[in-house]
Amino acid sequence: MSYIDELGTAAKAAEAKMTLVGTKDKNAALKAISEALLNNKELIIKENKRDIENAKINGMTESLIDRLTLTEARIDGMSEGVLQVMALKDPIGEIIGGEELPNGLCIEQKRVPLGVIGIIFESRPNVTVDAAVLCLKAGNVCILRGGSDAIYSNKCLIKLMREAVASKGLPEDAIQLVVDTSRPVANELMKADKYIDVLIPRGGGGLIRSVMQNSTIPVIQTGEGNCHVYVDRFADIDMAVNIVDNAKTQRPSVCNAIENVLVHKDVAEQFYTALNKKWNGKVKIFGDETCGKFMEMQGTATEEEYAKEFLDYAIAVKTVNSIDEAIAHINKYGTKHSECIVTINHDNAVKFQRLVDAAAVYVNASTRFTDGFEFGLGAEIGISTQKLHARGPMGLKALTTYKYLISGNGQIRN
């Protein structure tokens, strides 16, 4: 039996037990996880520092090291996030439809767990906790495969969560970690369809494409965020500068940070001058000729830059002649994640929201709000950029499916 077979077998056994676990017991386990995180801050930070030291040796960028780093404040936030999930209404068992047919058959449509969920993600240890507790609250079993860059952090967090879950009588194998982060084991995991019901990749474009191409398990595509802000000819320039600054620099390493700015030619000089003053060299800019007249540029933007998810203090900029050109550019290069228009023109705002194909389309607000907590969903498993079966921030309900329950009194079909 291979390593993945062992994990899969344990997961299926845990799935059968989780089917019978009620809300009260799930919440007790989540509370225990929250407390375990708070009570073991020193241990978590110690293990996390091992990952950070290795990341620095391997030349990881500062923005990616920031994604990897766990501080006391971030652990507090993770613990609070667990309690927020605990406070959410349990979706399992909800009757979402049904009727009595003329022949007397009673049909109910009932919400149930997805089953065993595999999650492949990169170097963000907070995802380890978010994914585990969301899956647990929705009655699922999870097999988590994080990146090698966060292996010490993930092993520590998984151990604490498994112990917490077991202390409340739930199967510890409801939360599992793929400790072997080698490529062959990852490929085997992507083909373990006899154990895993759904596979969710969280990370950059390379990871997502690899999973989509290699998996024999149904995949929910998440994460890659080539997001844009379009500064319309009717934009409030101060508002536009603040939104672009926040969406790019508040935390550039995350998927809802913008990677492109499109600016209408009629406000180009005014906007570029103001943004150049705001950033003052903080962000590397790849732009066009018009942009170069008013901003300090790193280089000319090409197809490569317009399609790139920088995840850093860098951005591609383009001057456009119309809102239609902006929409066409976004629909060509965007990843269907989060897009924004800054405008005071109602018709343009409506047009943009109707024609831009993305999970979240903003008017006059930063794309950084595309987040489960900010949307009131609690923690999220990821941002789905596809249309089936979930789209946008994936909270608890996105981790469920449904079954039909049919009751009769002897009916047979003619």
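In strand E2, Lys 110 is the bridge partner of Ile 95. Gly 98 has its own E2 partner, Glu 108. Helices (H or I, at least four residues) and strands (E, at least two) are DSSP runs, numbered from the N terminus. The model is predicted: local features need pLDDT of at least 70, side-chain atom pairs count only at pLDDT 80 or more, and totals for chains, interfaces and linings use all residues. Residues are numbered from 1 along each chain as its sequence is written, and side-chain values use heavy atoms, with hydrogens and water left out.

**The three-stranded sheet**

- E1 and E2 (residues 106–113) run antiparallel and are joined by five bridges. Two strands count as paired if DSSP finds at least two bridges between them.
- The open sheet has three strands, in the order E1-E2-E16, with antiparallel pairing.
- E1 (95–100) and E16 (400–407) are the edge strands; each has a single partner strand, so one side of each is left without a neighbour in the sheet.
- From one strand to the next, the twist averages 20°. Axes here are lines fitted to C-alpha atoms, for helices over the stretch in contact; angles run from 0 to 180 degrees between N-to-C directions.
- In general, strands of a sheet pair through backbone hydrogen bonds, either parallel or antiparallel.
- Five residues separate the strands in the hairpin of E1 and E2, where Gly 104 takes a positive phi near 95°.
- E1 lies largely in the open, because zero of its six residues are buried. Buried means under 20% relative accessible area, exposed means over 50%, and partly exposed is in between (1.4 Å probe, protein chains only).

**Phe 310**

- Phe 310 sits in the loop between helix H13 (303–306) and strand E11 (314–320).
- Its relative accessibility is 13%, so Phe 310 counts as buried.
- Leaving aside neighbours within four places in sequence, Phe 310 contacts Glu 259, Phe 286, Glu 305, Ile 315 and Ala 316. Contact means heavy atoms within 4.5 Å.
- Thr 367 is 57 residues from Phe 310 in sequence; in space, the two are 15 Å apart, C-alpha to C-alpha.

**Salt bridges**

- The whole structure holds 21 salt bridges. The criterion is a side-chain nitrogen of Lys or Arg within 4 Å of a carboxyl oxygen of Asp or Glu.
- Glu 303 and Lys 332 form one through their side chains (3.9 Å, N to O). Glu 303 is in helix H13 and Lys 332 in helix H14 (residues 323–333), so the pair ties together parts 29 residues apart in sequence.
- Lys 332 counts as exposed, at 56% relative accessibility.

**The network around Asp 357**

- Lys 336, Asp 357, Lys 387 and Arg 391 are linked in a network of salt bridges.
- The side chains of Asp 357 and Lys 336 meet at 2.8 Å, N to O. Asp 357 is in the loop between helix H15 (346–355) and strand E13 (360–363), and Lys 336 in the loop between H14 and strand E12 (338–342), so this pair ties together parts 21 residues apart in sequence.
- Asp 357 also forms a salt bridge with Arg 391 (2.8 Å, N to O). This pair links distant parts of the chain, 34 residues apart, with Arg 391 in the loop between strand E14 (383–384) and strand E15 (392–393).
- Asp 357 is partly exposed, with a relative accessible area of 24%.
- Lys 336 is partly exposed at 32%, and Arg 391 is partly exposed at 35%.
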